[in-house]
Amino acid sequence: MAREEPLLAPRPSSDRSSIRNAEEEDALLTGERTHRHQQRSKWAFWKEIGLFAWALIATIAVIVLAVVYQHEASKNPESDSSWGPGGKPTGKRNLIFMVSDGMGPTSLTLTRNYRQYTEGLPIDNTLVLDQHIIGTSRTRSSSSLVTDSAAGATAFSCAHKSYNGAISVLPDHSPCGSVLEAAALAGYKTGLVVTTRITDATPACFASHVNMRQYEDRIAEQEIGEHPLGRVVDLIFGGGKCHFLPNTTEGSCRGDDRDLVEIAGEKGFHYLDSRKSFDSLNGGSEAKLPLLGLFADKDIPYEIDRRSQNEVYPSLEEMARTALKTLSQATADSDQGFFLMIEGSRIDHAGHGNDPAAQVHEVLAYDRAFAAVLEFLENDSTPGVVVSTSDHETGGLAAARQLHDDYPEYKWLPGVLANASHSSEYAEQVLNDYLSKQTSQSNQRAFAEELLKKALGVNDASADELDHLLKPHLPYRRAYVFADIISRRAQIGWSTHGHSAVDVNIYASSTRDAWRLVGNNENTDVGAFLADYLDVDIDAITKKLQSPKDWSWKPEVESSSTHNWMGDPLGEDIRTEGLDTYHGEFKRSLDSHLQGRDCGCGAQH
Ligand SMILES: *[C@@H]1O[C@H](CO)[C@@H](O)[C@H](O)[C@H]1NC(C)=O
Ligand SMILES: *[C@@H]1O[C@H](CO)[C@@H](O)[C@H](O)[C@H]1NC(C)=O
Ligand SMILES: *[C@@H]1O[C@H](CO)[C@@H](O)[C@H](O)[C@H]1NC(C)=O
Ligand SMILES: [Zn+2]
């Protein structure tokens with residue numbers, strides 16, 4: 001306390017103070033008192049005592065006031081400035097949970113820089129997400145320090161760690177209740193909005209249980225209500241139609257001839273499969289639940305490609321707005337609100353593809369969807385909260401890259417990304433189509449060179465780069481070569497085509513409601529928060545799922561296998577024929593089946 005004294009005392013002459021400071025330092029170092037005090041006048045002694053007492057009283061007063069204020073603040077959740085326990089509404093409420101799949105902290109920097117550059121915005125202009133950051137999440141799974149999206153989403157849905165590949169099942173392969181299932185049984189309306197297949201890991205974890213994420217046919221069945229607890233999802237918007245169509249139909253990727261669209265219809269679902277039918281919902285005012293909207297066979301195209309096909313596919317923001325309107329309308333006269341999960345699914349795919357141009361547009365689209373949710377919450381009379389986080393980072397993205405032995409310049413170049421009008425995935429598809437028809441080498445070369453200019457804005461492709469792109473038996477996707485051409489020019493680095501272990505950000509509409517997630521959290525804390533905010537008991541759902549006598553649906557006995565309704569834990573039920581997308585770590589053991597085949601998406605997610 002005494003060390004505060006010089007701050008409060010009138011400044012002594014510089015000469016004297018430096019001597020005193022030197023003596024005090026000596027005293028501190030040697031532990032011996034100085035003798036100067038004895039030589040000073042009585043007045044100086046009393047002055048020092050007075051100043052000391054004053055400093056002491058002031059310090060105590062500040063501490064007391066701070067404690068009293070904090071105490072009062074925590075007692076009064078109604079006040080806007082307050083955080084903490086008690087910040088949860090007591091009556092009807094809505095919860096929107098957003099997942100930015102594969103978006104790490106660097107994705108935000110990259111996108112913020114990009115937007116400032118392209119729109120000529122000032123240095124302090126940030127993304128909407130930036131203004132709502134409240135914490136971070138540690139993402140490891142039970143089986144690895146680097147999680148996949150299945151274990152990541154199980155942490156959110158069940159609030160339990162599980163193994164990579166697990167779809168809301170525990171490490172012992174028993175099912176765990178999800179927050180969406182608990183919400184549905186408690187009378188909330190529920191929805192899932194994604195830009196990938198609705199059968200992919202993140203949405204799957206909220207409404208189904210399988211031992212391996214590859215069992216997407218089973219996931220589709222459970223999502224439409226062939227589920228131990230009956231139908232739990234009221235609204236579905238996304239891609240992945242192919243898992244709902246019988247194998248006798250063009251565009252199907254099912255292993256059997258079951259027509260899930262027809263079965264969903266029998267269960268009451270209104271089915272939408274086009275932009276036109278989506279538009280007929282009129283932003284949700286004409287929508288009736290339950291609703292099954294499947295707008296692409298597999299993934300909805302990357303935003304960078306979708307924006308020039310806006311008449312074919314709705315955007316994430318449009319789907320989010322329509323879902324919010326539909327769910328709030330459907331719960332207008334209800335005592336319970338809704339739970340909606342919205343995923344920016346393909347930020348992850350752009351990371352797997354190491355495609356920075358596709359990624360910034362995915363993040364911008366996600367930021368717009370987040371802003372739309374905030375706008376909804378601000379307008380809506382029912383209290384609610386949005387929490388947004390990522391399951392993991394993808395790509396080991398770095399906003400800098402050393403290209404040569406020389407010490408590098410400090411920069412990265414957003415202008416390179418701004419010049420790209422399409423994703424590397426799109427360029428790959430166009431080139432592969434051409435190469436399958438045209439065999440003359442000089443034509444192939446001219447075509448690739450022109451494509452680089454038109455789709456990626458690269459006007460200076462080297463001979464080596466063109467050789468690489470046109471190599472007949474590349475051991476990896478051509479999209480990787482396109483993405484590398486862009487990344488090098490923009491001086492953007494990547495350390496992997498897979499995921500990484502870095503902590504990811506947590507965002508929320510307010511720290512008042514999401515106070516439990518302020519600071520550094522385990523990903524399971526996010527799941528626990530979701531259940532707590534809705535006041536639902538996921539352990540009770542786990543018990544129901546584990547006791548078949550309580551089920552409202554009985555799985556048909558499968559003649560071909562003894563495996564239970566969640567599929568074989570060891571992957572015996574995984575199909576390789578007829579599919580061109582494989583996911584998760586399991587892909588490595590399947591690779592031998594895939595030699596020479598072109599994977600239709602970002603490989604492992
Ligand atoms: C379609 O599914 C049926 C079983 O439902 C199966 O017997 C048949 O072999 C499948 N056909 C193809 C082409 O995969
Ligand atoms: C919110 O309210 C504003 C002003 O009334 C309106 O323009 C906007 O469309 C509303 N947004 C939503 C999502 O309801
Ligand atoms: C973007 O394209 C323009 C027009 O072709 C070109 O002048 C500019 O140098 C390009 N920018 C970058 C960073 O490559
Ligand atoms: Zn992934």
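## R477 and its partner

R477 is buried, at 9% relative accessible area (buried means under 20%, exposed over 50%, partly exposed in between, using a 1.4 Å probe and protein chains only). R477 forms a salt bridge with E428, and their closest N and O atoms are 2.5 Å apart (a salt bridge is a side-chain nitrogen of Lys or Arg within 4 Å of a carboxyl oxygen of Asp or Glu). This pair links distant parts of the chain, 49 residues apart: R477 is in the loop between α19 (463–470) and α20 (478–490), while E428 is in helix α17 (residues 424–437). Helices (H or I, at least four residues) and strands (E, at least two) are DSSP runs, numbered from the N terminus. E428 counts as buried too, with 5% relative accessibility.

## Where this comes from

This is a predicted model, where local features need pLDDT of at least 70 and side-chain atom pairs count only at pLDDT 80 or more, while totals for chains, interfaces and linings use all residues. Residues are numbered from 1 along each chain as its sequence is written, chains are lettered from A and ligands numbered from 1 in the order in which they are written, and side-chain values use heavy atoms, with hydrogens and water left out.

## A buried charge without a bridge

R477 also turns up in the story of D355. D355 is buried but has no salt bridge, and R477, the nearest side chain of opposite charge, is 8.9 Å away (Lys and Arg count as positive, Asp and Glu as negative; His and the chain ends are not counted).

D355 is found in the loop between α14 (347–352) and α15 (356–379). A polar atom of the D355 side chain lies 3.0 Å from the backbone nitrogen of A358.

The structure holds 33 salt bridges. One of them joins the side chains of E303 and R306, at 2.8 Å from N to O. These two are three residues apart in helix α12 (residues 303–306), so about one helical turn separates them. E303 counts as buried at 10% relative accessibility, and R306 is buried at 6%.

R516 and D532 meet in a salt bridge as well (3.1 Å, N to O). R516 lies in the loop between β11 and β12 and D532 in helix α21 (residues 523–534), so the pair ties together parts that are 16 residues apart in sequence. Both are partly exposed: R516 has a relative accessible area of 34% and D532 one of 30%. Elsewhere, a network of salt bridges links D148, R197, D200, R213, E216, D299, R346 and E425.

## S510 in its loop

S510 is found in the loop between β11 (504–508) and β12 (519–522), and is partly exposed, with 22% relative accessible area. A polar atom of its side chain lies 3.3 Å from the backbone nitrogen of R512. S510 and I134 are 376 residues apart in sequence, but 8.5 Å apart in space, C-alpha to C-alpha.

## Two ligands

N247, G255, D256 and D257 surround ligand 1 (each has a heavy atom within 4 Å of the ligand). The protein covers 34% of the 360 Å² of accessible area that ligand 1 has on its own (Shrake-Rupley method, 1.4 Å probe). A polar side-chain atom of N247 lies 2.4 Å from an oxygen atom of ligand 1, and one of D257 lies 2.8 Å from an oxygen atom of ligand 1.

Around ligand 3 sit G415, V416, N419 and N459. Taken alone, ligand 3 exposes 360 Å², and the protein buries 35% of that. A polar side-chain atom of N419 lies 2.2 Å from an oxygen atom of ligand 3.

Key. Polar contact = N/O pair within 3.5 Å; in protein donor to acceptor, adjacent residues only side chain to side chain.
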